[in-house]
Amino acid sequence: MPLSTPVRRQVTQPRKIVILSATIGFIFFLLFLIIMLTLTWNRRSAEHDRLASYTQRYVASVFSDLRTTLQPLQANIHSSCEQVRNDLTQRSAFAPNVRAILLVDNRRAFCSSATGPMQMDVQQISPLTEVSNTTDIRLIPGTPMMRGKPAIVLWLKNPAYPGSGVFTTLNINLTPYLLLASRDQQISGIAIVAGESAMTTWNERVIKRSELPGHDLRTIAIPGYPLTLNLYGEALPQRDIHLILLSGLLMGMLITCGCFLMFTLRLRAGKE
């Protein structure tokens, strides 16, 4: 046997051990990444689903309580404003975030909890409100008494008289939605969407629906109301990805070193 053969074998054998150890470490690194990213994504997705469900129940309960407060007023559609004004004012005072409650007869608001007797077409307040709908919700940039202050308009139709019902303007209070979003640190914002208009936690004015970011985490429909909430944020936060990468690299390096030591002791008897 030529002298160069043992020398070549002594040179190439450690190189093979290093390549084999690095390959095994890299395979474990990839497996760790795939498994941990999948588990983390599923966990975050479940958290987003729970937040969406909780938000939906909260908003539905708010509108349900408001409907309970407003529905008895349907019997006063043909009453004079002097007869029902005190009742309107009282209900407005004890209902959260209500700006004004208006009674509407034949598409004209004739009594307000804020100003008393009045005569104004509801289309002047909210041009897009469909009084033919049983329930309608719109976002408007302001009201006659509070211009420049966005509001939610809730319309409840009187089933007995076409064009008549209860018309309510609500202050847009995004604090509860921000508190809901704080339950999940991956949520960066919430948008309230009604028709083609939207109001967001990062903008103080009513914007077009088309101006919203293209990808949302969850779209929450409110049962019984033409209103949706969009949750925005990261499906898989960068910090989770960085932590998984660092953990995977550490594990891959440990496995590579362990394999190198094991193969070195087994394949090089002189090392013992």
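## Salt bridges

A salt bridge is counted here where a side-chain nitrogen of Lys or Arg lies within 4 Å of a carboxyl oxygen of Asp or Glu, and by this rule the count comes to 6 salt bridges. The structure is a predicted model, in which local features need pLDDT of at least 70 and side-chain atom pairs count only at pLDDT 80 or more, while totals for chains, interfaces and linings use all residues. Residues are numbered from 1 along each chain as its sequence is written, and side-chain values use heavy atoms, with hydrogens and water left out.

One of the salt bridges joins the side chains of Asp 87 and Arg 91, at 3.0 Å from N to O. Both residues belong to helix α2 (residues 81-94), where they stand 4 residues apart, about one turn of the helix; helices are DSSP runs of H or I with at least four residues, strands are runs of E with at least two, and they are numbered from the N terminus. Asp 87 counts as partly exposed because its relative accessibility is 26%, and Arg 91 is partly exposed at 23% (buried means under 20% relative accessible area, exposed over 50%, and partly exposed in between, with a 1.4 Å probe and protein chains only).

## Buried and partly exposed pairs

Arg 138 forms a salt bridge with Asp 136, with the closest N and O atoms 3.0 Å apart, and both of these residues are buried. Glu 211 and Arg 205 also form a salt bridge, in which the closest N and O atoms are 3.9 Å apart; here Glu 211 is partly exposed, with a relative accessible area of 43%, and Arg 205 is partly exposed at 46%.

## A nonpolar surface patch

On the surface, Ile 27, Leu 31, Ile 35 and Leu 39 form a nonpolar patch, and together they have about 370 Å² of accessible area. Such patches are made of residues with over 30% relative accessible area and no salt bridge, where like charges are joined within 9 Å and nonpolar side chains (Val, Leu, Ile, Met, Phe, Trp, Tyr) within 5 Å. The accessible areas come from the Shrake-Rupley method with a 1.4 Å probe, and for residues only the protein chains shown count as cover.
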